[in-house]
Amino acid sequence: MLAKHAEKAMNFVPGAKFRKWILLELGFDQMCRLDGEDSGLCLREVTPSSLDRLAGVNAQLNTARLHKRLEAGNRCFLAEMRGHPLAYLWLFRNDGTKAQQLNACTDMQVDLIIPPKWAYLWDVWTEPRFRGRGIQPNATRILCGRLIGEGCRGLVTLVNAANRSSLRAFARNGFSRRAALFHIRLLGRDLLLSRYEVSEERRT
């Protein structure tokens, strides 16, 4: 309730930013239940030498920044059909033995704490001409199959609350809503930050 009133108030304040994200979660059991149907889609992991192929999906990408993402331990997967790039998905997996905190949104302060062997899916982008054709759900299914083989125990992602189509796409793959995260920035100062700890014990 407080966040809803704050959002309305921020609309009348020049320079104020209010963001709301929905935290979606897919546990190990749900990952195993995903349909492995053959959609003709091929998912390839991107390497530093093949980063330029992402430009076929989004020409606005900055290659230097993408290299830094890989250097920081993030992974990128390119969804293709008949050799044509259609979408990409960025992923960070906690391969350590302790929970790890990460800034889930690069432009706003929203922090997630993910347990060992869990992964955070972020920056999922489909080439505009191919949106609405099930590319993202199918790519996520294929990715989950690969992650299970690597010993991953669960997957989380953040979706802008206003992005209804993405929320529906993730719901079709069994993702459940776990929390709403908020951030308010006014005159360059952070007024409300969000921090969420993903917990296997809390999951039902």
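This is a predicted model: local features need pLDDT of at least 70, side-chain atom pairs count only at pLDDT 80 or more; totals for chains, interfaces and linings use all residues.

Q: What share of the residues counts as buried?
A: Of the 204 residues in the protein chain, 45% count as buried. The accessible surface is about 11300 Å². Carbon and sulfur atoms hold 49% of that surface.

Q: How much of the contact set comes from residues 24 or more positions apart?
A: Take the contacts with a separation of 6 or more. Residues 24 or more positions apart make up 72% of them in this chain.

Q: Now the strands. Which partners does β3 have, and in which sense do they pair?
A: Strand β3 covers residues 75–81. Strand β2, residues 42–45, pairs with β3 in the antiparallel sense over 4 bridges. Strand β4, residues 84–93, is also antiparallel to β3, with 7 bridges joining them.

Q: Which residues stand opposite Leu 78?
A: Read across the strands. Leu 78 in β3 is the bridge partner of Arg 44. Leu 78 also stands opposite Tyr 88 in β4.

Q: Why is β3 described as largely enclosed?
A: Count its buried residues. In β3, 6 of the 7 residues are buried, so the rest of the structure largely encloses this strand.

Q: What does the hairpin of β3 and β4 look like between the strands?
A: Look for the backbone angle. The hairpin has 2 residues between its strands, and Arg 82 takes a positive phi near 55 degrees.

Q: In what order do the strands of the open sheet with β5 run?
A: The order is β5-β6-β11, with 3 strands and mixed pairing. The edges are β5 (100–103) and β11 (194–197). Each has a single partner strand, so one side of each is left without a neighbour in the sheet. Neighbouring strands here are turned by 15 degrees against each other on average, direction ignored.

Q: How is β5 joined to β6?
A: Strand β6 covers residues 110–114. It runs antiparallel to β5, and 4 bridges join the two.

Q: What should I look for at the start and after the end of helix α3?
A: An α-helix has 3.6 residues a turn, so residues three or four places apart point the same way. Then look at the two ends. At the start of α3 (residues 63–71), a side-chain oxygen of Asn 62 comes within 3.0 Å of the backbone nitrogen of Ala 64. After α3 comes Gly 73, with a positive phi near 100 degrees.

Q: How many aromatic pairs are there, and how are they arranged?
A: Check ring centres, then the angle between planes. The count is 2 aromatic pairs. The rings of Trp 90 and Trp 122 have centres 6.0 Å apart and planes at 45 degrees, so this pair is tilted. It links distant parts of the chain: Trp 90 lies in β4 and Trp 122 in β7 (residues 118–126), 32 residues apart. Phe 170 and Phe 175 form an edge-to-face pair, 5.0 Å centre to centre with 75 degrees between the planes.

Key:
Residues are numbered from 1 along each chain as its sequence is written. Side-chain values use heavy atoms; hydrogens and water are left out. A polar contact is a pair of N or O atoms within 3.5 Å; within protein, one must be able to donate a hydrogen and the other to accept it, and residues adjacent in sequence count only if both atoms are side-chain atoms. Two strands pair if DSSP finds at least two bridges between them. Axes are lines fitted to C-alpha atoms, for helices over the stretch in contact, and angles run from 0 to 180 degrees between N-to-C directions. Buried means under 20% relative accessible area, exposed over 50%, partly exposed in between (1.4 Å probe, protein chains only). Contact means heavy atoms within 4.5 Å. Accessible areas come from the Shrake-Rupley method with a 1.4 Å probe; for residues, only the protein chains shown count as cover. Rings of Phe, Tyr and Trp (its six-membered ring) pair if their centres lie within 6.5 Å; planes under 30 degrees apart count as stacked, over 60 as edge-to-face and the rest as tilted.
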